[in-house]
Amino acid sequence: MSQAAANQFTKRLSAIYQGVIDDSHIHQISERLLARCQQFAEQQNSVVAEQAARATDPRWDEQDVILITYGNSIQKADAVPLQTLHHFLTQYLADTVNSVHILPFFPYSSDDGFSVIDYRQVNPDWGDWPDIEAIARDFDVMADLVINHCSRENLWFIDFIGNREPYKDYFIETDPELDLSQVTRPRNTPLLSPVHTHEGIRHVWATFSEDQIDLNFANPEVLLEFVDIFLMYIERGSRFIRLDAIAFLWKQIGTNCLHLSQTHEAVKLLRDILDYVAPKAVLITETNVPVKENLSYFGQSDEAHMVYQFGLPPLVLHALNRGNASFLSDWALSIPKLPDGCTYLNFTASHDGIGVRPVEGILPEREVQDLIDCMHRFGGFVSMKANPDGSESPYEINITLFDACMGTRRGVDHFQVPRFICSQAIMLGMQGIPAVYIHSLTATPNDLAHVEQTGRTRSINRKIWDEEELMCLLDNPVTPQAEVFAELRRMIAIRRQQAAFHPQARQQVIKINSDLFILKRTACDKSQVIYAISNVTERILKLPMASLGVLPDGLSDLLAEQDGTIGEQLLLSPYQTRWLAFAGSD
């Protein structure tokens, strides 16, 4: 087994570093990788063992639901935030989610955690490693490997400035006179950042901001450093590892520096390492790019186990804002068959904004601009990216999804709660594993005060709840927070019991008209079929059951709170979703 792993590591390293370092150096790096993996196997702690026992085989099933949250999204006076989060999870969500994505929980200098000062420490303001491990004993934890860049305050960068080994080669120095116009930019800030060093002013690569300095993976020591961090996160109890901004990893002047072959080979290497030392662990790539580029990170079932469905958030919002599911249905029809051993991570909201790059070539530019204009009216913002010709174009909409659903293109109305719940129901019905943002679960409105405090538009969707305030809202049944929280928990509990919602269960899109988004899900063993039908309009609709090609006999509505029987016509209230189920044949 060790020799097979060593050969595989050497193969990947050769693909990454051919022409950069010689073969003897590649073999040396491979041996060091193997030694670190063997050390990992000897030191696995009880949390990792418990997770392996808890994990299903195959890797996931219909029970899997992920909560996305910051470690301090809920705070309590004089309490450790990670312990407050753990209490919230066990008290309110133990029967709702089985996994939690704790967004970067390390010391940081900006971007709410994505400018990492120390990858091996927990932010002392939030807690410590035992707090992460305690959560990991009750829930599968997803951790971020912020692999493309680090903070200016990271000691690696400080040693780079001092020209000290080994860190003097950890970052990418580039001549600002070179033509870098081909480089794909996710932001409108300068690509190169000037730095005062002992050697004078140097210009370093900074894809995302001047406080997020890109790391030099052409130096294999940087790769080895991150493999060590990667394995440490697994040792500390993380079952899911999310590769943040992975698409930008490898830089080669004269290219767009996006999705280069060396980047894909690096993802494959990390996958090989997991297959060798932690076969129950899951590798996830975060690539906010057009659909075809995003799906390339499945590779040949040898890269990511999961990729984000980045097209889903903007298309669901567009459908509900326009009362027109046509573009959403067409996109869902185009989703390719899942590669073996892979699935999608479905989400409608996260700590980031609602990306518009994933709908390039799917939504006409006029539709995108109309949606952006509407979100401005609902209190949102838009972040821009720089283009090679010097122009700027929209990159993401910054708004909470709850307030994005406060109306339609015609303006604000009284359907905010049902429209928002419809957005979540659509996501819960999709093939893959659903991930629910904590601010969706709590129906959080735009936090404009947080934007004013930080000066960053993304803060609109990153509210830090005071636990007492949140509990008061959740305990009052007339608040939208209580209504949404209760209904989402109910829907998720129902979803987790349905074989037809297994991540690998077959998905068919039924396109009848633009008012409805309809999925037919069939259990892997054909024991159950569910029609997930969502009305994306503010009108009451009647759907003849004959149009679905099924008889109402034997059908039941899983979401009905009382009588779930179905007649010849299916009645759907504004923004209502119905899950019509019947037993199939084994």
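**Exercise 1. The enclosed spaces**

Task: In this predicted model, find how many cavities of 30 Å³ or more the structure holds, and then describe the lining of the largest cavity.

Solution. Step one is the count, and the structure holds four cavities of 30 Å³ or more. Step two is the volume of the largest cavity, which comes to about 210 Å³. Step three turns to the lining: 20 residues line the largest cavity, and the closest to its centre are R187, F208, D244, E286 and D352. Step four asks which strands take part, and here strand 9 (238–244) and strand 15 (392–398) each supply at least two residues of the lining. Step five sorts the lining of the largest cavity by class, which gives seven nonpolar, five polar and eight charged residues.

**Exercise 2. The second largest cavity**

Task: Work out how much space lies in the second largest cavity, and which residues are the closest to its centre.

Solution. The second largest cavity contains about 100 Å³ of space. Its lining is made of 16 residues, of which Y308, F310, F347, S350 and D352 are the closest to the centre. Sorted by class, the lining of the second largest cavity has seven nonpolar, six polar and three charged residues.

**Exercise 3. Two helices in contact**

Task: Describe how helix 10 and helix 11 pack, giving the angle and the separation of their axes, and name the residues that meet.

Solution. Begin with the geometry: helix 10 (residues 312–322) packs with helix 11 (residues 326–334) at an angle of about 150°, and their axes are 8 Å apart. Next come the residues, where helix 10 brings L312, L315, V316, H318 and A319, and these meet F327, L328 and W331 of helix 11. Finally, the classes of the residues in this contact are seven nonpolar, one polar and no charged.

**Exercise 4. Helix 1 and its surroundings**

Task: Compare the reach of helix 1 with its expected span, list its buried residues, and state what covers them.

Solution. Helix 1 (residues 2–17) has 16 residues, and from its first C-alpha to its last it reaches 22 Å, close to the 22 Å expected at 1.5 Å a residue. The buried residues of helix 1 are A5, A6, F9, T10, R12, L13, I16 and Y17. To read the spacing in such a list, recall that an α-helix has 3.6 residues a turn, so residues three or four places apart point the same way. The cover over the buried residues of helix 1 includes helix 2 (23–43), helix 7 (220–235) and helix 8 (261–277). After helix 1 comes G19, with a positive phi near 85°.

**Exercise 5. Helix 8**

Task: Why can helix 8 be called largely enclosed by the rest of the structure?

Solution. First check the length: the 17 residues of helix 8 should span 24 Å at 1.5 Å a residue, and the end C-alpha atoms are 25 Å apart, which agrees. Then consider burial, for which the cut-off is under 20% relative accessible area. Because 15 of the 17 residues of helix 8 are buried, the helix is largely enclosed by the rest of the structure.

**Exercise 6. Backbone details in the loops**

Task: Locate the cis peptide bond between E165 and P166, and decide whether H259 is buried or exposed.

Solution. The peptide bond that joins E165 and P166 is cis, with omega about -10°, and P166 lies in the loop between helix 6 (155–161) and strand 6 (192–197). H259, in the loop between strand 9 and helix 8, has a positive phi near 60° although the residue is not glycine. With a relative accessible area of 17%, H259 is buried.

**Exercise 7. A loop residue and its partners**

Task: Where is P552 found, and which residues is P552 in contact with, leaving aside its neighbours within four places in sequence?

Solution. P552 is found in the loop between strand 23 and strand 24, and at 9% relative accessibility this residue counts as buried. Leaving aside neighbours within four places in sequence, the contacts of P552 are M545, I566, G567 and E568. For E568, the separation from P552 is 16 residues in sequence and 6.3 Å in space, C-alpha to C-alpha.

Methods: Residues numbered from 1 in each chain as written. Predicted model: local features only at pLDDT ≥ 70, side-chain atom pairs only at ≥ 80, totals over all residues. Heavy atoms only, no water. Axes fitted to C-alpha atoms, helices over the stretch in contact; angles between N-to-C directions. Helix = DSSP H or I, 4+ residues; strand = E, 2+ residues; numbered from the N terminus. Contact = heavy atoms within 4.5 Å. Nonpolar A, V, L, I, M, F, W, Y, C, P; charged D, E, K, R; others polar. Expected span 1.5 Å × (residues − 1). Buried < 20%, exposed > 50% of the residue type's maximum accessible area, 1.4 Å probe, protein only. 1 Å grid on protein atoms, 1.4 Å probe; cavity = no way out; pocket = protein on both sides within 12 Å on 5 of 7 lines; lining within 4 Å. Points joined across faces, edges and corners; volume = space filled by probe spheres on them.
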